[in-house]
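Subject: Handover of a structure and notes on its contents

Dear colleague,

Please find the structure below, together with its sequence. The notes that follow set out what was found in it, and I would be grateful if you read them with the model open beside you.

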Amino acid sequence: MSITAKELAKKLGLSEAAVSMALNNKPGVSRETRQLVFDTAEREGYDFSRVAAKKQVSGSLYFVLFKKHGAIVADTPFFSQLSDGISEGCKDTGYKMNTRYIYDDEPTLSKQIEDIQYSDCCGIILLGTEMTVSDFKLFQKLPIPIVLLDTYFETVEADYVLINNVQGAFLATSYLIKRTQKQPGYLRSSYSIGNFEERASGFYNAVRAGGMSASKSIVHRLTPSVEGAFSDMMEILERGDELAGCYFADNDLIAVGAMRALKTRGYRIPEDISIVGFDNIPFSNIVEPSLTTIHVPKKEMGILAVERLVSRLEKKKAAPVKIEVSTHLIKRHSA
């Protein structure tokens with residue numbers, strides 16, 4: 001005889017209501033609890049014909065990556081983890097996921113967007129890391145719900161899921177000041193991106209909060225990639241430019257590239273120069289020394305973007321929201 005929902009609840013130590021919500025794919029229980037209930041029910045021979053069929057959905061959710069100047073590479077760990085979150089969110093909600101790249105190529109941009117409009121797309125998660133307000137204008141004309149991911153425009157009313165960049169940079173820089181008692185320098189991206197501009201605000205806020213003059217912080221403009229930052233930092237070292245005793249870097253790629261250049265020239269990290277990055281990408285823990293950095297819950301951002309988009313599909317007149325995900329400092333050995 002198959003197990004009943006009541007028996008299942010008793011076996012798992014859960015309420016009958018929680019088991020019912022899990023079996024019927026209703027909100028109110030965590031993803032982990034839902035999976036536990038399903039796995040146990042299947043193992044114990046539960047009759048799934050008793051529960052309501054999962055709501056059928058039509059169409060696909062599109063994860064659209066807007067590529068402009070190439071400062072952000074979509075196959076980096078940061079973006080692969082965002083994609084993993086979106087994929088998981090789609091599975092949880094019953095939607096198919098389709099990934100598309102849109103290139104800022106003026107002659108074909110309208111056609112690229114039009115192709116999405118007349119596909120099976122019912123909602124878009126738009127990775128706007130490299131976008132400006134003007135870049136978003138063509139997307140605004142689409143009769144399809146959009147959630148903007150990893151960017152924010154003050155003048156555009158839309159749904160957003162993004163990082164609290166100011167907070168993260170402030171935490172990192174404050175930690176450097178406390179740890180080294182030195183004026184922090186800034187390894188700043190040579191490409192202008194909204195995220196990095198916000199991180200600059202957090203950096204300078206922390207410098208001023210530490211009782212220091214923002215104008216006295218040494219700033220080096222580096223390409224936001226490991227090889228690019230390494231090459232740029234080597235040029236700075238060859239010129240003999242003045243160096244700071246510690247640095248905040250706009251992202252981990254810049255931090256790692258700069259660390260490699262400094263070590264090549266005989267500098268010890270953190271004994272001579274301390275460095276803190278941002279993003280907590282996987283290899284930041286295996287470089288030598290391991291990189292102190294700001295953790296961004298990237299997979300969770302992807303899941304949140306799907307949840308917001310599905311909510312928008314179900315309640316079309318809902319007011320747009322800005323979801324800003326907090327960060328935290330990961331202390332390792334580079335600072």
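**Helix α2 and residue E16**

E16 lies in helix α2, which spans residues 16-23. Please bear in mind from the start that this is a predicted model. E16 is partly exposed, with a relative accessible area of 49%. Leaving aside residues up to four places away in sequence, E16 touches K6 and A9. K6 is 10 residues from E16 in sequence, and their C-alpha atoms are 5.9 Å apart in space.

**The protein as a whole**

The protein contains 11 helices and 12 strands. Along the principal axes, its C-alpha atoms fill a box of roughly 80 × 55 × 35 Å. Of its 335 residues, 50% are buried. Among contacts between residues at least 6 apart in sequence, 71% join residues at least 24 apart.

Which strands pair with β6? One is β8 (residues 246-249), which pairs with β6 in the parallel sense over 3 bridges. Within β8, Y247 is the bridge partner of G185. Another is β7 (residues 219-222), which runs parallel to β6 and is joined to it by 4 bridges. Here L187 stands opposite H220 of β7. Together with helix α8 (residues 194-209), β6 and β7 make a right-handed β-α-β unit.

In soluble globular proteins, nonpolar side chains tend to be buried together. The largest nonpolar core in this model has 68 residues, and the members that touch the most others are L61, L149, L187, M233 and I275. Helix α10 (residues 252-264) supplies the largest share of this core, with 8 residues. Apart from this core lies another, of 22 residues, with L142, I144, L148 and A158 among them.

Not counting residues up to four places away in sequence, L187 touches H220, L222, M233, Y247, F248, A249, D250, I254, A258 and I275. Two of these residues, M233 and I275, are also named among the core members that touch the most others.

**Salt bridges**

Side chains of opposite charge can pair when their charged atoms come close. The structure holds 12 salt bridges, and several are described here.

- R188 and E197 meet through their side chains in a salt bridge, at 3.0 Å from N to O. R188 is buried at 13% relative accessibility, whereas E197 is partly exposed at 32%.
- D272 and R268 form a salt bridge whose closest N and O atoms are 3.0 Å apart. D272 is partly exposed, with a relative accessible area of 27%, and R268 is partly exposed, with 48%.
- K322 and E324 form a salt bridge whose closest N and O atoms are 3.9 Å apart. K322 is partly exposed, with a relative accessible area of 41%, as is E324, with 38%.
- D159, R308 and R312 are linked in a network of salt bridges.

**Cysteines and disulfides**

A disulfide is a covalent bond between the sulfur atoms of two cysteines. How many disulfides does a search of the whole structure find? The search finds 0. C121 shows the reasoning: the closest cysteine sulfur to its own is that of C122, and at 6.2 Å this is too far for a bond. The cut-off used here is a pair of sulfur atoms within 2.5 Å. C121 is buried, with a relative accessible area of 9%. C246 is also buried, with a relative accessible area of 0%.

Yours sincerely,

A colleague

Terms used: Residues are numbered from 1 along each chain as its sequence is written. This is a predicted model: local features need pLDDT of at least 70, side-chain atom pairs count only at pLDDT 80 or more; totals for chains, interfaces and linings use all residues. Side-chain values use heavy atoms; hydrogens and water are left out. Buried means under 20% relative accessible area, exposed over 50%, partly exposed in between (1.4 Å probe, protein chains only). Two strands pair if DSSP finds at least two bridges between them. Helices (H or I, at least four residues) and strands (E, at least two) are DSSP runs, numbered from the N terminus. A crossover is right-handed if, with the strands pointing away from the viewer, the path from the first strand over the helix to the second runs clockwise. A salt bridge is a side-chain nitrogen of Lys or Arg within 4 Å of a carboxyl oxygen of Asp or Glu. A nonpolar core is a set of buried Ala, Val, Leu, Ile, Met, Phe, Trp, Tyr and Cys residues joined through side-chain atoms within 4.5 Å. Contact means heavy atoms within 4.5 Å.
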